[in-house]
Amino acid sequence: MGRDSPDRCLIMVPGPTNVPSRVLRAMMKPMISHRGPEFRTLYRGILENLRYLFQTEGEVFVLTASGTGGVECAVSNLVNPGDKVLIPVFGLFSERMREKIARRGGVPVEVKLDYGEAPTADQIERMLELEKDVKVIAIVYNETSTGVTVRDLPEIGRIAKERGILLLVDAVSILGGDKLPVDEWNVDVCVAGSQKCLACPPGLSLISVSERAWRRIERTERPFYYDLVAMKSFRERWETPFTPAIPLFYALDEALKIIREEGLEKRFERHRVCSEAFYRAVEALGLEVFPRRGVRSNTVIAFKKPAGVDGAEVRRLMRERYKVVIAGGAGKVRDLIFRIGCMGAVSSPDVIRTVSALENALADVGYPVEAGAGVEAAKSVLF
Ligand SMILES: Cc1ncc(COP(=O)(O)O)c(C=O)c1O
């Protein structure tokens, strides 16, 4: 069932997101050999468009792995056992990154923050004064579990570069939905996921690697499957070391063409406007946005579940009665918040339909909402 089917639910979770029919249809092409000319042409076109997406002159790769695999690949190519890695921890995905670093044998140096907060450049700088010999700073740019974006990332990149420290960024839930020029911001290794702001099905991760990062990666004891040096040498002939998920590569190729047709700036602005409409609507319904204003994400909208309301029941009603799927919380704030994905193909009608479903479901469980207040607030931003 494509995006256009009438009784299909609108998927407004923070990934996977709604996939345009054009992208779904691309997956129906016949299989090809991954060692033949058709695949080389396909991979070459994908990598060209990925450079545009990451805004980089550096190397880019596609991994047949979900976002977690992409982050694991980045960590295990940059971190050797015993290396200190500075990692702000402010939600489930930064906790997972810390865990990956620890399992790799690295030494995570944590900057611990409350859920709903984002690390600042000052905090990073202070920590680097205390902890000598940090090799890598690892940051989740968009903490999907709390709806928080690290707005100081450009400044953190400058600090990392000045000190000769590599910057690893998990941009799984934001690349393609908000600004992230990796070369300009000195991001050395950046990881994104296919199923979020790219409006592509799940199953691929995308990774960019700076010139600086190679010098370290070449000296690291790398894993077999996730060996970036092997990926680079196969890339020279537009191939991957192992069998790629060819139908997903077709889908990614199409999704990236759509991104180029729209243009990055317009795409970021569409995400910003839709997120602003969501925030205004949530506030007009008397609900509280979870993160403070300066760090709110344009791709994940997190807001508190009102006291006394059964969150699971609200989401059930939204899904079954109004055909819109949103997410609850994750990690420590699992039962405290709702989350809406504002990603990929998100549009004004999607926002209106989601806000309307939320308003109605809240009213159905007896929560006092002023009928139409959320939709009106969203419309005032969108139209
Ligand atoms: C910030 C972040 N990192 C990593 C992941 C893991 O991605 P996946 O579930 O595709 O493995 C996610 C998934 O939501 C994420 O939001």
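This is a predicted model: local features need pLDDT of at least 70, side-chain atom pairs count only at pLDDT 80 or more; totals for chains, interfaces and linings use all residues.
Residues are numbered from 1 along each chain as its sequence is written.

The shell around the ligand draws its largest share, three residues, from H3. In total 13 residues surround the ligand, and the closest are Ser 66, Gly 67, Thr 68, Thr 144 and Val 172; here a residue is near a molecule or strand if its C-beta atom, placed from the backbone, lies within 6 Å of it. Sorted by class, the shell holds five nonpolar, seven polar and one charged residue, where Ala, Val, Leu, Ile, Met, Phe, Trp, Tyr, Cys and Pro count as nonpolar, Asp, Glu, Lys and Arg as charged, and the others, Gly among them, as polar.

Let me turn to the sheets. Seven strands form an open sheet in the order E2-E10-E9-E8-E5-E3-E4, and their pairing is mixed; two strands pair if DSSP finds at least two bridges between them. Strand E2 (59–63) and strand E4 (107–112) are the edge strands, each pairing on one side only. On average, and ignoring direction, neighbouring strands of this sheet are turned by 20 degrees against each other.

Helix H5 (residues 121–130) lies across E3, E4 and E5, and runs at about 135 degrees to E4. For these angles, axes are lines fitted to C-alpha atoms, for helices over the stretch in contact, and angles run from 0 to 180 degrees between N-to-C directions.

Two bridges pair E13 with strand E14 (residues 337–341) in the antiparallel sense, and Gly 328 has Phe 338 as its bridge partner in E14.

How do H3 and H4 lie relative to each other, oblique or roughly parallel? The axes of helix H3 (residues 67–78) and H4 come within 10 Å and cross at roughly 40 degrees, and H3 and H4 are therefore oblique to each other, since angles under 35 degrees count as roughly parallel, over 145 as roughly antiparallel, 65 to 115 as roughly perpendicular and the rest as oblique. The crossing of H3 and H4 is right-handed; a crossing is left-handed if the near helix is turned anticlockwise from the far one by less than a right angle, and right-handed if clockwise. Val 71, Glu 72 and Val 75 of H3 meet Met 97, Lys 100 and Ile 101 of H4, where two residues are in contact if their C-beta atoms, placed from the backbone, lie within 7 Å. That contact has four nonpolar, no polar and two charged residues.

Helix H2 (residues 37–54) and helix H9 (residues 246–262) have axes that come within 9 Å and cross at roughly 40 degrees, and this crossing is left-handed. Their contact has nine nonpolar, two polar and three charged residues.

For helix H10 (residues 264–284) and helix H13 (residues 373–382), the axes come within 7 Å and cross at roughly 150 degrees, and these two helices are therefore roughly antiparallel to each other. The contact of H10 with H13 has 10 nonpolar, two polar and two charged residues.

Finally, two details of the backbone. Most residues other than glycine have a negative phi, and most peptide bonds are trans. The peptide bond from Gly 15 to Pro 16, however, is cis, with omega near 0 degrees, and Pro 16 lies in the loop between strand E1 (10–11) and helix H1 (21–26). Gln 55, in the loop between H2 and E2, has a positive phi of about 55 degrees although it is not a glycine.

Key. Helices (H or I, at least four residues) and strands (E, at least two) are DSSP runs, numbered from the N terminus.
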